[in-house]
Amino acid sequence: MNNPSKENVEAVLRKINWAQEILISLQHNVTDPQIGNILSGVVFIMNSASADTETLYQSIE
């Protein structure tokens, strides 16, 4: 993706948001603290990816 369009970035953001919703749902339904900690780490990474993608979106003219 050498020259991403806003539509491409919007599609990526939608996928990230879906993944975040699934992870948060899983996190609320997990009773094993180790798995909960792993999911928390993945949620953190997804939040970071979402923020980076939003920054990219804003930079596209």
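Among contacts (heavy atoms within 4.5 Å) between residues at least 6 apart in sequence, 64% join residues at least 24 apart. The model is predicted: local features need pLDDT of at least 70 and side-chain atom pairs count only at pLDDT 80 or more, while totals for chains, interfaces and linings use all residues. Residues are numbered from 1 along each chain as its sequence is written, and side-chain values use heavy atoms, with hydrogens and water left out.

The chain contains 2 helices and 0 strands, assigned as DSSP runs numbered from the N terminus (helices, H or I, at least four residues; strands, E, at least two). The C-alpha trace spans about 45 × 15 × 15 Å along its principal axes.

Buried residues (under 20% relative accessible area, 1.4 Å probe, protein chains only) account for 23% of the 61 residues.

The largest nonpolar core comprises 5 residues, Ile16, Leu23, Leu39, Val43 and Met46. Such a core is a set of buried Ala, Val, Leu, Ile, Met, Phe, Trp, Tyr and Cys residues joined through side-chain atoms within 4.5 Å. At least two residues of this core come from each of helix H1 (6-29) and helix H2 (33-59), with H2 giving the most, 3 residues. Apart from its neighbours within four places in sequence, Val43 is in contact with Leu23, Ile24 and Gln27.

Definitions and conventions. Buried < 20%, exposed > 50% of the residue type's maximum accessible area, 1.4 Å probe, protein only.
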